Amino acid sequence: MSHPPATVVVLGTGSPDLTRTCLESLSRTRLEDARGLVVSPGSGAEMPEKLRNGGWIHASVSADAPLAARLAAAMESADPKSDLVVVRSEFEFPQADWLERLRACAHSAPRSGIVGCRLALAGGKLLHAGTYVLPDTYWVQEIGHFEKDVRQFASVREVEGVALSGAYIRREVLEAIGAPFGDFDSVFGDAEYCLRAREAGFQVLCCGAVTLLGREPWRTAKDLDHELRSLQRSRHAFRDRWHAVLGQRYVHEVSWHSILESPTGYAVSCAELLRALDRNRVRVIYRYAYGPGTPGPDSEPQETGDHLLDVLRARPDPPEPGYTVSYTQGDIFERPPGRYRVGYTMLEVDGFPREWVRQASEMDEVWVPTEFNRRGFLDSGLKKPLFVIPLGIDPDHFHPDIAGYPNPLGDFVFLSSFEWGPRKAPDLLLKTFNETFKAREPVRLLCKITNRNPSIRIVDEIRRFELQEGGGRISFILNRQFPYSELGSLYRSADCYVSAGRGEGWDLPLMEAMACGLPAIATDWGAHTDYTHEGICYLLRSRGTVPADPTNPYYREFRWADPDPDHLRALLREVYEDRDGARRRGLAAAAEIAAKWTWDHTAMRIFARLEGE
Amino acid sequence: MTGESSPAEMARLRARIRELERALRRKSAVLRILERELCLRDSILLTRVAASGSPYPDSDPSLFGASDTIGLRTSDVESTLAQVWRSLGTPPDAAE
């Protein structure tokens, strides 16, 4: 399919050396039929011969000319029928086919108008993969800013804004709203142009298949001060111009009571839920749900450096408590006030404690993530409206192309990540693995273990298992907390994920590993039964159910699974022997999880409940 | 020991201090290199041998280097895995 020609405009915004490096990098890529224009102060001596011979031309501007003037100078020589590719000279082009990829992305849908790239630093950090602006602060926020670059955000995503540092603009956009930059010589100019394009009905996309590499800008304190003052001026003008539009960002409002600052599944999932709700037009006011007299810590920090979450927790309470969701244990549902109250919870056993049912009965409705928990509440006598709102994964950080750091010795690596305790049945996993394999076989179990119970000494516990030196070898990562944005790399460094516990309320690590394309072995009981099946997972049979750990007050009276060690042994061996089959099952899992089980799916279900559907 | 040392004794002591300082600098430089270059497993082995202990703390190599603490330590996935893989040593003979 033929696309219109493109004009590549390089704006020499840095030093001549930077512009030269950018142009040399550009000259090593496939520029197809693109016409090229370089706008920079001086004579243009930094243009490589290859580009000059290819018909690229140089336009000189004064060193203090704003971006709009620079672009206008270039546009005088541009083909008015061509698409426009804007490049700022701080970036280099590591991919030879960057332009083909951007162009294909820009013409993949009729309404796609502006396509930006992933921007990264040469040192291995992501600069960003799109932008957004909250109507609380009017700062342009960069998505993925300064995360370690592990090939996250690799797909094509619709975003609010992109940096016009390497962006493809279709001519239809130019015809509809004119050339970019306008009044703001900063990120606000990029944000405004993208907002105008969206208002005109075009999509703004971030093409994850293209990454441009930049250098961290070196600034003096004086530069920084000047820049911040200039940004503040732009921000105020941007706010005055766009507050009415950005004020319409949300359709619904929810007071969300939960926990964010804790190394628990609730906290991790809460953060992801809040991000997804914000993307899906739900204005969330976050409040810490626990405190004195509850099973949680007394308080949590008010600022964490995560802009979105900090804004959500700083929002004032509404004048009248409205729609309130407690995403917590069921025994603190009744704490927050609300005109319409929802309790959203989960548990790892086949029923719910009486106090949870009592408090759930005070709610207007109750949400659980699984059919397994819905049955548990019904069996425990709950009579209130009960909805299944599944949890999910972030497909931008958990997908099969995330970078891994595999074992250089070539051992096949089974990975399991869990908090130490009877629910996760570490004895079953470690002993069975140790018995299934021999030490001389190139296979290893890597256990990432968290233990926050001071009465447990992991080393002593494992010694009690009497693992055999000649049996399957096991390695441990003990009490390490990895940045959530890098966790996909842990999964991608293994060959199979194992979740052979007795009961799960959801099991985020299993779903994340499956989303990364790992074949997985999972107990066929509890929450797993809601999203696993033989086509995408190796289901570990249970011999039935047994009484759950009576030392946990929430589990008393209830039961959980009794996973079959013989079947676990057979599954471990099957995955190890039939690697092609396992790989196929892992990739099928990744496709299904991405298609059905993301946080956006969760947020859309919540949105539907807020609409009364 | 007398309250006052002779000039010759003072000179000898000063020379001795200089010698010990040079030895300490050499040793520190070696330790810095070892710390930089050795994997966790070898560092522990070296420490144990230097302290006249057995090079192997127990017969269960799978627990090697696991420190029992309930504190969570923030780490980077890449460097943690590099440390784990380095600690595994040479691969076993799969053909055996």
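Predicted model: local features only at pLDDT ≥ 70, side-chain atom pairs only at ≥ 80, totals over all residues.

Trainee: With which residue does the side chain of Arg283(A) meet in a salt bridge?

Mentor: A salt bridge joins a side-chain nitrogen of Lys or Arg to a carboxyl oxygen of Asp or Glu within 4 Å. The partner of Arg283(A) is Glu253(A), with 2.7 Å from N to O. Arg283(A) belongs to strand 14 (residues 282-288) of chain A and Glu253(A) to strand 13 (residues 252-258) of chain A, so this pair ties together parts that are 30 residues apart in sequence. Glu253(A) is also partly exposed, because its relative accessibility is 36%.

Trainee: How many salt bridges are there over all chains?

Mentor: The count comes to 47 salt bridges over all chains. One of them is formed by the side chains of Glu158(A) and Arg198(A), at 4.0 Å from N to O. Glu158(A) is in strand 10 (residues 156-158) of chain A, whereas Arg198(A) is in helix 6 (residues 187-199) of chain A, so the pair ties together parts that are 40 residues apart in sequence. Glu158(A) is partly exposed at 48% relative accessible area, and Arg198(A) is partly exposed at 34%.

Trainee: How far apart in helix 17 are Arg573(A) and Glu577(A)?

Mentor: Arg573(A) and Glu577(A) are four residues apart in helix 17 (residues 565-577) of chain A, which means that about one helical turn separates them. Their side chains meet in a salt bridge of 3.1 Å, N to O. Arg573(A) is partly exposed, with a relative accessible area of 24%, while Glu577(A) reaches 54% and therefore counts as exposed. Elsewhere, salt bridges with shared partners join Glu261(A), Glu300(A), Asp310(A) and Arg313(A) into one network.

Trainee: What should I note about a charged residue without a salt bridge, such as Glu592(A)?

Mentor: Glu592(A) is part of helix 18 (residues 579-596) of chain A. Glu592(A) is buried yet has no salt bridge, and the nearest side chain of opposite charge, that of Lys596(A), is 4.0 Å away. Apart from neighbours within four places in sequence, Glu592(A) is in contact with His533(A), Ile536(A) and Trp597(A).

Trainee: Which residues of chain B gather in a patch of positive charge?

Mentor: The patch is on the surface and consists of Arg14(B), Arg18(B), Arg22(B), Arg25(B) and Arg26(B). Among these, Arg22(B) is located in helix 1 (residues 7-37) of chain B. Its relative accessibility is 42%, so Arg22(B) counts as partly exposed.

Trainee: What does the secondary structure of chain B come to?

Mentor: Chain B has three helices and one strand, and their pattern along the sequence is α-α-β-α. Of its 96 residues, 15% count as buried. The chain exposes about 7200 Å², and carbon and sulfur atoms supply 56% of this area.

Trainee: How should I compare a distance in sequence with a distance in space?

Mentor: Both may be stated for one pair of residues. Arg52(A) and Arg463(A) are 411 residues apart in sequence and 71 Å apart in space, C-alpha to C-alpha. Arg52(A) itself is in helix 2 (residues 49-53) of chain A and is partly exposed at 40% relative accessible area. With residues up to four places away in sequence not counted, Arg52(A) touches Gly44(A), Ala45(A) and Met47(A).

Definitions and conventions. Residues numbered from 1 in each chain as written. Chains lettered and ligands numbered in written order. Heavy atoms only, no water. Patch = residues over 30% accessible without salt bridge, like charges linked within 9 Å, V, L, I, M, F, W, Y side chains within 5 Å. Areas by Shrake-Rupley, 256 points an atom, 1.4 Å probe, with all protein chains shown as cover. Lys, Arg positive; Asp, Glu negative; His and termini not counted. Charge placed at Lys NZ, Arg CZ, Asp CG, Glu CD. Helix = DSSP H or I, 4+ residues; strand = E, 2+ residues; numbered from the N terminus. Buried < 20%, exposed > 50% of the residue type's maximum accessible area, 1.4 Å probe, protein only. Contact = heavy atoms within 4.5 Å.
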